[in-house]
Amino acid sequence: MPRRCRGQAERARRLIGIALACALAAWSTPAPAQSYPSRPIRLFVSFPPGGAADLVARVFGQALSVRLGQPVVIENRPGANGNLAGDAVAKAEPDGHTLLLGPSALFSINPHLYAKMPIDPLKDLLPVASLVSNALLLAANPALTVGKDFPGFVALARATRPPLFYASIGNGSEHHLAMELLKQQAGIDLTHVPYRGGGPAAIGVIAGDVAAMFGGGSVAPLVQAGKLKGLAVSGQRRSRLLPDLPTIADVYPGYEVTIWQGLFAPVGTPPAIVARLREEANAILAQPDIVAKLAAAGSGDPYVTTLAELAARIRSDHARYGKLIKDIGLAVD
């Protein structure tokens, strides 16, 4: 064979070898979205078992498991208003197998509240999808003689000295800041008593140790049973469970406190996996049985947004709560 032909044949063999190697590599290492998920998914929750956030995680996680064909294991990591769970997820491998049911407080409140944060949630956690939102319910001890409705409660708080006590699920929670915002807008004074969770706080109000509290959906059954007196809701719309209650904005325009929860992943998670998870999340929230389960437990309504809308909500809440925390001089070491 002429030398020139032998050279051309050698180059051809090398090119074929390179092509085969690339094909084998592509076959042995599938694209992330095609092979995902390859093992069980861990979904971290910032609150203990039994609460509204835990129920959202379990309802959503079960549905996500069915759609992805892998178990979704719920890992409750309560503490520090969501910082502990957020830290665990932010430092996990960014492959879509470790996710966070992120509470709004982690992004909007904690960066202003804690002198030292284990992570920067705005930079270290990647928004995947919004999931649910929920207004708070202002409820009082039924034995209050004047505060039989929301204006009556405000009048009672304005006239009482020393100030009435109010409960919250913890220092720096949205439940706490909801009352501080009401104090600002209504011009009233109340003394804060933080409890370790919504259950103990509600027991404190029922027992008369404190006069009132802002609670989540789990407070509604106590109002319906007459153990607590419902006064108003903190959102823009009336409660579906207690439609006779006014919104606080009916009396104080512009007032709103809404808790939301979203799905987050570590920064660096491949865009294809993020897109897959967002698509599945939106499909789950469109299922009537999922909506019914969340509503029945008072865990919130489906909250479906684009990523741009979710990012704008995070920025807006971050700025609003930052101003309130600065105004009242609140800090946690």
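1. A starting point for reading the sheet: two strands are said to pair if DSSP finds at least two bridges between them. Helices (H or I, at least four residues) and strands (E, at least two) are DSSP runs, numbered from the N terminus. With that in hand, look at β4 and strand β11 (residues 301-302), which pair in the antiparallel sense over 2 bridges. Within β11, Asp301 is the bridge partner of Ser133.

2. A word on the model itself. It is a predicted model, in which local features need pLDDT of at least 70, side-chain atom pairs count only at pLDDT 80 or more, and totals for chains, interfaces and linings use all residues. Residues are numbered from 1 along each chain as its sequence is written, and side-chain values use heavy atoms, with hydrogens and water left out.

3. Now follow the sheet across. It is an open sheet of 6 strands in the order β2-β1-β3-β10-β4-β11, and its pairing is mixed. The edges are held by β2 (72-76) and β11; each has a single partner strand, so one side of each has no neighbour in the sheet.

4. You can find both senses here. Strand β1 (residues 41-45) and strand β3 (residues 98-103) run parallel and are joined by 4 bridges; Phe44 has Leu100 in β3 as its bridge partner. Strand β4 (residues 125-135) pairs with strand β10 (residues 258-266) in the antiparallel sense, over 9 bridges, and Ala135 stands opposite Thr258 in β10.

5. Next, a helix against the sheet. Helix α12 (residues 271-285) lies across β3, β4, β10 and β11, and runs at about 15° to β4. For that angle, axes are lines fitted to C-alpha atoms, for helices over the stretch in contact, and angles run from 0 to 180 degrees between N-to-C directions.

6. Which residues touch the most other members of the largest nonpolar core? They are Leu138, Phe150, Leu182 and Phe214, out of 38 residues in that core. Helix α9 gives the most to this core, with 6 residues. A nonpolar core is a set of buried Ala, Val, Leu, Ile, Met, Phe, Trp, Tyr and Cys residues joined through side-chain atoms within 4.5 Å; buried means under 20% relative accessible area, exposed over 50%, partly exposed in between (1.4 Å probe, protein chains only).

7. Leaving aside its neighbours within four places in sequence, Leu138 is in contact (heavy atoms within 4.5 Å) with residues including Phe150, Met179, Leu182, Phe214 and Leu231. A second, separate core of 30 residues includes Ala129, Ile273, Ala281 and Leu285.

8. Finally, the charged pairs. The structure holds 13 salt bridges, each a side-chain nitrogen of Lys or Arg within 4 Å of a carboxyl oxygen of Asp or Glu. In one of them the side chains of Asp301 and Arg240 meet (2.5 Å, N to O). Asp301 is in strand β11 and Arg240 in the loop between β9 and β10, so this pair ties together parts 61 residues apart in sequence. Asp301 is partly exposed, at 27% relative accessible area, while Arg240 is exposed, at 57%.

9. Compare two pairs within helices. Lys183 and Glu180 form a salt bridge (3.3 Å, N to O) and both lie in helix α9, 3 residues apart. Arg313 and Asp317 form another, with closest N and O atoms 3.0 Å apart; both lie in helix α14, 4 residues apart, and both are buried.
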